[in-house]
Protein chains: 2
Amino acid sequence: MDEILTMAKKAREAASLVAALPSPKRKSVLLKIADNLVRRGEEIIASNGKDVVEGKKNGLSNAMIDRLALDSERIAAIASGIREIADQPDPVGEITKMWTRPNGLLVGKMRIPLGVVGIIYESRPNVTADAAALCLKSGNAVLLRGGSEALESNLAIGRIIQGSLSEEGIPKEAVQVIPIPDRKAIFEMVQLEDYLDLIIPRGGEGLIRFVVENSRVPVIKHYEGVCHIFVDETADTDMAENICINAKVQRPGVCNAMETLLVHEAISREFLPVMVKKFRDIGVEVRGCEKTQSLCPGDVVPASEEDWPTEYLDLILSVKVVSGLDEAISHIETYGSAHTESIITRDYSNAQRFLKRVNSSVVLVNASTRFSDGQQLGLGAEIGISTTKLHAFGPMGASDLTTTKFIIFGEGQVRA
Amino acid sequence: MDEILTMAKKAREAASLVAALPSPKRKSVLLKIADNLVRRGEEIIASNGKDVVEGKKNGLSNAMIDRLALDSERIAAIASGIREIADQPDPVGEITKMWTRPNGLLVGKMRIPLGVVGIIYESRPNVTADAAALCLKSGNAVLLRGGSEALESNLAIGRIIQGSLSEEGIPKEAVQVIPIPDRKAIFEMVQLEDYLDLIIPRGGEGLIRFVVENSRVPVIKHYEGVCHIFVDETADTDMAENICINAKVQRPGVCNAMETLLVHEAISREFLPVMVKKFRDIGVEVRGCEKTQSLCPGDVVPASEEDWPTEYLDLILSVKVVSGLDEAISHIETYGSAHTESIITRDYSNAQRFLKRVNSSVVLVNASTRFSDGQQLGLGAEIGISTTKLHAFGPMGASDLTTTKFIIFGEGQVRA
């Protein structure tokens, strides 16, 4: 597929121009994109209509059609997201550290763009706009390869972004939507190590595995989130109930929802029957360990060994009574996915030990796992949540699409 | 090769214990290793002797034998390097940022170890000790796979390190030397994505390409350094000569030595004849562009197109006269390897423009490229110099063997 190679080469050329753009210019083009998406909303909706008709013909579920469909309200929300990204502080040029060496050299580390980022995603056409905006904000060029079911919508959004780039005198190849729905296009894309600096796959596990197994370009994965809450012996039970319900129920289909609840045995008799009843009343299926079953007879089904590492993404919760902090941490290490874990406690020392010893990407004390999100943590929109440790771990914002170079001010120093 | 899988699994188990070691413990084990390497120096020298005999039998060059050979002085130097690493600030637990969200959540980023690091290297047995020390310092376990020509030396050093770990009550599997000289061992090692978090290959381009092409584990490469110095119109010519000679001659066989000298045409007539003569006097072969040839008749051989992207690692230098800063930057972008570049100038604005616009891993003003080195920049010993942008770019110290997790202090917050 020479087409993808050609696009990647053009992206590489555009990248060095985008990297050199002054900060206000990168901001103004984002505002222009936001305006143009709203102004040309009908064009997007018309293209999206074709995708929706095609999707229904192909038997997409109602949930998938809902994720795909755009209307003027959703387009306004996309534009408003881009304006927020525009308003974030510029990561490019940020000095993260600076120090002086004994020989007088002044050494600093400065953030610079990565170069060309490839985003491979499924369904939601808003990712086309969000990802393009985050890449431009951080001075990168981007190749976007969305799902085939949203192809017309993605191409329409891409056209409007390219038009906005041209209006601002920026090469339109800085943002390119790959128009080939075939999975071969992904394979070709991830071979191009000379032209792409990073691939971010967003979507189901099948897609991510395919990318990881075939890519010669570095990949930042985000696999599943098997998130835990540990209710400690000293927890405020009202706070614990409130947080647990928020973490499980507020949006069960996302990666930062709670999947397993661990409860200190000393508080289990007081806490669990009430908590489980509340979950049952909201329609959550509770799968419990033996102790949970005996504390909440009739309200729980038995949990099996397969439940502990499972990401349900649904109104299902596994519950285990543990002997204390150590067993909780060891359960999380054994069955967790290093995504997000929270402890509910009034004990200072246990809070600190949990924060230090649990090495998941986000570790919370007395707060809902649902805060594990770039927007919620103040990074602006997020490009994804990394579950691997290299380069970025946890929610990634625009500044995670940069690297740092050393800058050194000398006065003639040479090495002895 | 079940042996490597078994070693990797043990490393993974050891890693979580090493990650939880308190800082003073990680320091004291390093000091113990340094002491034991010196105390058991004869044992290392005896094993090293076998490698040297074998190497001579196999026709290794004198230079390679020299890189391989250890004596008590070199062992003392290795020990002293490890003591320096022990004395560095602990990267683990460092809070790199902290901020408060409008809802009162206190959000921070804390450095944590990566987990298990694999180092694949050639020849020099000191890497065994240095790499182990840097990994332990940063709370990681490490699998070391050195060159076959240094196998006995590496195993001896590995035994002494493991003995020191045991003396301190740390699982000895935190540092393991793979005893299989076969390249298949490397292939097996880089498949183990579930047990290794990072692979760092150190050695020739053939080794690095082999690792990159076969690895399922993330790799931080360090390819070649085609380093440039640009002598600007306003350069102090004494300073320029001094820096250029240091950058080319002080140690020509390393990646941060200058390979190409770019000279502003306005200063070329004054600067180049003297500079080239000095290089010739020290025995440097100068390959010049046409203008350089005409300015230094008889002293330069013609440079061909192949010279510009070449890393000589030898007393050879390519020289080009350029019209100014823009041409210098564009030459560096076209032919450079994004490793290290320096500008020599008295002009404030050109210094700033060079620093901002050149996106190599190390960019200097008025200093020798030879400072592109972890030790020289104050990172302590270095684990390598990354030429790819992801995770680390440029010289890497112990803190580049960590990642960051989000830590969040709440008071019952839930997501709206």
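Chain A of this predicted model has a secondary structure of 14 helices and 16 strands, where helices (H or I, at least four residues) and strands (E, at least two) are DSSP runs numbered from the N terminus. The radius of gyration of chain A, taken over C-alpha atoms, is 24 Å, close to the 22 Å that the globule rule (2.2 Å times the number of residues to the power 0.38) gives for 416 residues, so chain A is as compact as a globular protein of that length. Residues are numbered from 1 along each chain as its sequence is written, and chains are lettered from A in the order in which they are written. Because the model is predicted, local features need pLDDT of at least 70 and side-chain atom pairs count only at pLDDT 80 or more, while totals for chains, interfaces and linings use all residues.

Along its principal axes, the C-alpha atoms of chain A fill a box of roughly 70 × 70 × 35 Å. Of the 416 residues of chain A, 55% count as buried, a residue being buried if 20 or more other C-beta atoms, placed from the backbone, lie within 10 Å of its own. Among contacts in chain A (C-beta atoms, placed from the backbone, within 7 Å) between residues at least 6 apart in sequence, 70% join residues at least 24 apart.

Within chain A, the axes of helix α2 (residues 23-39) and helix α5 (residues 72-87), fitted as lines to C-alpha atoms over the stretch in contact, come within 9 Å and cross at roughly 175°. This makes α2(A) roughly antiparallel to α5(A), a term for angles over 145 degrees between N-to-C directions. The residues in this contact include Leu30(A), Leu31(A) and Ile33(A) of α2(A), together with Ile78(A), Ile82(A) and Arg83(A) of α5(A). By class, the contact has 13 nonpolar, no polar and two charged residues, with Ala, Val, Leu, Ile, Met, Phe, Trp, Tyr, Cys and Pro counted as nonpolar, Asp, Glu, Lys and Arg as charged, and the others, Gly among them, as polar.

Chain B can be laid on chain A with an RMSD of 0.0 Å by a turn of 180° and a shift of 0.0 Å along the axis, the superposition being by least squares on the C-alpha atoms of residues with pLDDT of at least 70 in both. The two copies are thus related as by a two-fold rotation axis. Of the residues of chain B, His391(B) comes closest to this axis, at 1.8 Å (C-alpha).

The contact between the chains takes 54 residues from chain B and 54 residues from chain A. On the side of chain B that touches chain A, β16(B) gives the most, with eleven residues, and the residues of this side divide into 26 nonpolar, 19 polar and nine charged.

Technical notes:
Axes fitted to C-alpha atoms, helices over the stretch in contact; angles between N-to-C directions. Parallel < 35°, antiparallel > 145°, perpendicular 65-115°, else oblique. Contact = placed C-beta atoms within 7 Å. Buried ≥ 20, exposed ≤ 12 C-beta atoms within 10 Å, placed from the backbone.
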